[in-house]
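Subject: Structure handover

Hello,

Please find the structure below. My notes on it follow.

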Amino acid sequence: MKYRLVSGLETHVELATATKIFCGCTTAFGGSPNTHCCPVCTGQPGALPVLNKKVVEYAIRAGLATHCTINTTTHLDRKNYCYPDLPKAYQISQFDKPLCEHGYVELESGKRIGITRIHIEEDAGKLVHESGFTYVDYNRGGVPLIEIVSEPDISSPEEAKEYVEKLQLIMRYIGVSDCKMQEGSMRCDVNISVMPEGATEFGTRTEIKNMNSISYIEKAMAYEYERQIEVIEGGGKIVQATLRYDEHTGETSVMRTKEDAQDYRYFPEPDILTVVIPESKVEEIKNSLPELPTDKLHRYIDELKINPATAKLLYKYKRVCDFAERAFALGAGVKNTVNLIVGTLYSKLETEEDKEKFVLPVSADEMAALVKLVDDGKINITLAQKTLSAMAEEGKPVSAYIKPEDIAGMDDGELESICRQAVEANAGAVADFKAGKEKAIFALYGFVKKATQGKADIKKADEIIKKLILG
Amino acid sequence: MSVTQKEIKTLARLSRLEFSDGEIEKFAPEFEEIIEFANKINEQVEGDTGSIREVVSRTVKWEDLREDEVKESLPNEKITSNVQAEGGYFPVRRVVK
């Protein structure tokens, strides 16, 4: 029998605010243990939380960027559970009135993964287990999170990967999180069940907790899919359970089953009043959103006519796009700009993170100046690549490499004499060209480029050569 | 609403408090009294908890939310002054196997 995989993801994203969700302590990553703490985030008696405006703003940004509706009247709730990472013995979260609901993320295929809800909550502290003790660091306690809950629309590990990557990209574009999975600023719980092809009822699901890498999500899903099928085919039943994934063995194991599921006793948080967000504020946030990744990709391909493969190499990195678009605005041609970025600048940026940060000593102005020389036929692309490579390494302007006299164009007499030499030296190509093989003329361009070290205006050379050949 | 001794024991464990069997026996009826007292609120609203919700949902204006400005945190010695901190951490009994 064939089985369908049914999966939904709960994704926690740490918001890039300066302070925690309910107090003014810094959210900086790391720091000596328990030094980013105060009475509020360590749950001292009598301390009162005050909601951070930016958290609400960022969560709304995330909601709007994923096509959610925004609940402009929203409150927080207490989720009670007893564990040392939670000093108050409850987490302030949202239960029945999340800030954002009913959105979606669109995959490349056009398939939409529904977003059930996005709510705000506080992160818990960090636990370090050693010998007979657990050591608690509350620096992370109270750091603002959004939890993005998807519909069970994901039907393969590949779709899960694409969904998470898309979320990551969107959150980075709108500037609400750096979404670094390895630093824990983005983590996923994966809900998964299987059902026979054609069945209408979902199977019993399991939940794999706290996945912090996309490749592990894919592997864990693939493993759990096979495991569940094996259980069912063997006549067994799937037990609803929370699982952990072991990266070393590549297997899942049970943390707890439904029987020991906690009753969180949610109730409205009495220390924080219901928040009323003016419609005008939501409108303002909407207007401040940048162009979203999918829109940008489509615009690059459809309007700027960038080939799809190149467009995909660009749109993943917002800073690269900003740089390219500034160069376009300064008059640099699209084709030469993007080819130089992908061909030359990317070779200086080895890792994803390098491209993400895009720190190079080349300004958009200098880039535009260089590209315009190519656009105008004053230098050829090979010389531009060499120049750009040196600029990226040495941080000097275009003028340091290409002197005005180099591009003042050679005087016409000199160019004509070189063209003449080209025609004489390439009799075969000339004959072919005359016979109607238009491409044969490239051999002559090559000669001119070589003889002028790339400085000749090829458009001009073309005119001269054709005049010489055709008379 | 009856409170069992087992519930008292669970509460005591969660609160990290230790009681003798005699104390627990005594506490159960006392807790019942407290809960009965609190239940009077329910009698007042006669099952209509909507009006309680209204009290809870007094609202805060957008302008009154906190600006995202960093304030100084407390020094580690102060934060951990009620425990025997180790390396700046709060040590607790190991919670995972």
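**Helix packing in chain A**

H5(A) and H6(A) cross in a right-handed sense (right-handed if the near helix is turned clockwise from the far one by less than a right angle, left-handed if anticlockwise). Helices here are DSSP runs of H or I with at least four residues, strands are runs of E with at least two, and both are numbered from the N terminus.

A word on the source. This is a predicted model, in which local features need pLDDT of at least 70, side-chain atom pairs count only at pLDDT 80 or more, and totals for chains, interfaces and linings use all residues. Residues are numbered from 1 along each chain as its sequence is written, while chains are lettered from A and ligands numbered from 1 in the order in which they are written.

Back to the pair. H5(A) packs on helix H6 (residues 308-315) of chain A at about 145 degrees, and the axes are 9 Å apart. Axes are lines fitted to C-alpha atoms, for helices over the stretch in contact, and angles run from 0 to 180 degrees between N-to-C directions. From H5(A), the contact uses Pro293(A), Lys296(A), Leu297(A), Tyr300(A) and Ile301(A). H6(A) brings Pro308(A), Ala311(A), Lys312(A), Leu314(A) and Tyr315(A). Contact requires C-beta atoms, placed from the backbone, within 7 Å. By class, these residues are 8 nonpolar, no polar and 2 charged (nonpolar: Ala, Val, Leu, Ile, Met, Phe, Trp, Tyr, Cys and Pro; charged: Asp, Glu, Lys and Arg; polar: the others, Gly among them).

Is Lys296(A) buried or exposed? Lys296(A) counts as buried because it has 21 C-beta neighbours inside 10 Å. The cut-offs are 20 or more other C-beta atoms within 10 Å for buried, 12 or fewer for exposed, and partly exposed in between, with C-beta atoms placed from the backbone. Lys296(A) sits in helix H5 (residues 293-302) of chain A. Leaving aside residues up to four places away in sequence, Lys296(A) touches Glu291(A), Tyr315(A) and Cys321(A).

The second pair is helix H13 (residues 412-425) and helix H16 (residues 458-470) of chain A, packed at about 55 degrees with axes 9 Å apart. That angle makes H13(A) oblique to H16(A) (under 35 degrees is roughly parallel, over 145 roughly antiparallel, 65 to 115 roughly perpendicular, the rest oblique). H13(A) passes H16(A) in a right-handed crossing. Their contact includes Leu415(A) and Cys419(A) of H13(A), and Ile464(A) and Leu468(A) of H16(A). Its residues are 9 nonpolar, no polar and 3 charged.

**Positive phi**

Most residues other than glycine have a negative phi. Asn210(A), not a glycine, has a positive phi of about 55 degrees. Asn210(A) lies in strand S12 (residues 206-211) of chain A. With 14 C-beta neighbours inside 10 Å, Asn210(A) counts as partly exposed. Lys305(A) also has a positive phi, near 60 degrees. Lys305(A) is in the loop between H5 and H6 of chain A. Having 10 C-beta neighbours inside 10 Å, Lys305(A) counts as exposed.

**Domains and chain B**

Chain A divides into domain 1 (3-284), domain 2 (291-407) and domain 3 (412-470). These bounds come from an automatic or database domain assignment. The C-alpha centres of domains 1 and 3 of chain A are 65 Å apart.

Chain B has 4 helices and 2 strands, in the order α-α-α-β-α-β from the N terminus. Of its 97 residues, 5% are buried. The contact between the chains takes 30 residues from chain B and 41 residues from chain A. The largest share of the chain B side, 3 residues, comes from S2(B). By class, that side has 14 nonpolar, 7 polar and 9 charged residues.

Best wishes

Methods
Contact = placed C-beta atoms within 7 Å.
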